[in-house]
Amino acid sequence: MNRRTLLAAALAAPSFVFDSAEAFAHEEGLPLEEDLPVETVDVLVVGGGAGGLSAAVSAARAGAGSVLLIEKAAKIGGDTLISGGFFNAVLPERQRPFGIEDGVDLFVSQVLAAGEEENDPAVVRVLAEASGPALLWLESLGMRFLPEPVEIFGSRFRRSFKPIMSRGLGYIRALSAAAYSAGVAVRTRRAALRFAGDGRGGVVGVVVESPEGKRLVRARRGVVLASGGFGANRGMISRYAPRVASFPIDSRPGSTGEMIVAAAEAGAMLVNMTSVECVPGSREGIPYPIRLDYIPSRMIMVDAAGRRFVEENGPRAEIAAAILAKGPNPCWAIADAATVAAFDAISQKNIYRGLYAGEAFREATPEALARRIGLDREAFTRTLAADPARSRIASPPFWAARMHLRVHSTLGGVRIDDAARVVGSDGEVLERLWACGACTGSVHGRSRIGGNGINTAVVFGRIAGEAAARAERRLF
Ligand SMILES: Cc1cc2nc3c(=O)[nH]c(=O)nc-3n(C[C@H](O)[C@H](O)[C@H](O)COP(=O)(O)OP(=O)(O)OC[C@H]3O[C@@H](n4cnc5c(N)ncnc54)[C@H](O)[C@@H]3O)c2cc1C
């Protein structure tokens, strides 16, 4: 296929296609990398977060043979490890006892609406259908969740299951133990640099750099890309979302997206690259989140004048846009003592750290709080009186934290189909290349439902790993 055909295919493709995917496409095919030392495995997984580990465990358990997972950092975990750990799953039998009526169709419609239909409906449906089984699978590996699902910031519904072990640690523990038992080889400090071709347009493996040098790792059955997002790559953020390029970053340093670019160079289509998710957190230089919006139905967001300016449980992109529209004027998250008491221990600790650092404020009355943070007292009092859910801000003392937007995660990446296969710029799948998690761009569209990061990684990681294990074994 020549460059003109690729360009025509990209232009004719659906509206969610990122407009310059064709710019990366190689006319000549992938390099052969003939001069490098070669290692051969059956399945190669790139990235050691929830997605990569799920893929590796699934491939090994499905009888793939030798499965190698490479991770460029010194330790596995990725953004999964520092995440809040919330996992959205449709599990009616666990939701009904708490008065929650849920279903796959409802979940699909909410994800598509939040994503402004820039997401792929077939892929979203797979996520919704497989979210419950994925949670049960994690439990079968030793992961434990609290029984009651909750609504978290931007999740729009009570289907977020919270792990008992703090943040993302439980996932990485359970999945890495399962990987070890299944015989997966996990190697850290191994960075994938680019894909290598078989000379006929197909992916044969990946060029990997380690402290010992470069080598070509060939994969007899195929490669699963699970290298996360590009939230920590200022250059890519400047390119795709220049308006937020100077914002503080939530991702870990490994989220640099070079393998998303490498996949595009190998012919993959990139989608939704401009969807960069920003959420409120602490200002630059404060390494811990100071947030009062964890339970959106129990707090309010006010502008500098003390007025509510956005629906607190609306889509994340809407809230970020509303804050951005206020320019340099501060926006505040306000919550009462009962709400703060309902947060988990780490979130509470961070709010108290913020209080003692002068970044969060606490006063006995709403009026005193308004005075302290410079709100118009009368307007703020009117806002509280007019709040349709008045009980939200009722029990003293009252808290305020300024909402500084931060780059939280990136929603764009390689296009996948409903079987986690990477789709090329010409609309055809790339043989023997699967992808899962935050390096993919087909799930969230314009705005991610809160709690839809780890489930996306695990659901499509499982599908990718099992598919790679089933692929015919090439003889090199
Ligand atoms: C602060 C924070 C809180 C969050 N909270 C939640 C939450 O509560 N619930 C939720 O669902 N989602 C949450 N998310 C999003 C969620 O963490 C991610 O969507 C999810 O963890 C992605 O998993 P992954 O396996 O795709 O990527 P990661 O977990 O990021 O793993 C990718 C790995 O690939 C490695 N890698 C990258 N490039 C290479 C390379 N070239 N070669 C080798 N290895 C490479 C990286 O170092 C990394 O270890 C949160 C994100 C952040 C930043």
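Reader: Which kind of ligand atom lies 3.2 Å from a backbone N or O atom of Ala50?

Author: An oxygen atom of the ligand does. A polar contact here is a pair of N or O atoms within 3.5 Å; within protein, one atom must be able to donate a hydrogen and the other to accept it, and residues adjacent in sequence count only if both atoms are side-chain atoms. The model is predicted, so to speak of a local feature requires pLDDT of at least 70, side-chain atom pairs count only at pLDDT 80 or more, and totals for chains, interfaces and linings use all residues. Residues are numbered from 1 along each chain as its sequence is written, and side-chain values use heavy atoms, with hydrogens and water left out.

Reader: How many residues surround the ligand, and which are closest?

Author: The shell holds 37 residues, and Glu71, Thr80, Phe86, Gly453 and Ile454 are the closest (a residue is near if one of its heavy atoms lies within 4 Å). By class, 12 are nonpolar, 18 polar and seven charged (nonpolar: Ala, Val, Leu, Ile, Met, Phe, Trp, Tyr, Cys, Pro; charged: Asp, Glu, Lys, Arg; polar: the others, Gly among them).

Reader: Which element gives the largest share of the shell?

Author: That is α3, with four residues. At least two residues each come from α2 (50-61), α3 (78-82), β6 (191-197), α9 (258-265) and α15 (454-470) (DSSP runs numbered from the N terminus: helices H or I, at least four residues; strands E, at least two).

Reader: How do α13 and α14 pack?

Author: Two packed helices are described by the angle and the distance between their axes. Axes are lines fitted to C-alpha atoms, for helices over the stretch in contact, with angles from 0 to 180 degrees between N-to-C directions. For α13 (residues 366-373) and α14 (residues 377-386) the angle is about 135 degrees and the axes are 9 Å apart. The two are therefore oblique (under 35 degrees is roughly parallel, over 145 roughly antiparallel, 65 to 115 roughly perpendicular, the rest oblique).

Reader: Which backbone geometries stand out?

Author: Most residues other than glycine have a negative phi, and most peptide bonds are trans. The bond from Pro396 to Pro397 is cis, with omega near -5 degrees; Pro397 is in the loop between α14 and β14 (398-402). Arg189, in the loop between β5 (185-187) and β6, has a positive phi of about 55 degrees. Arg432, in strand β18 (residues 429-435), has a positive phi of about 65 degrees.
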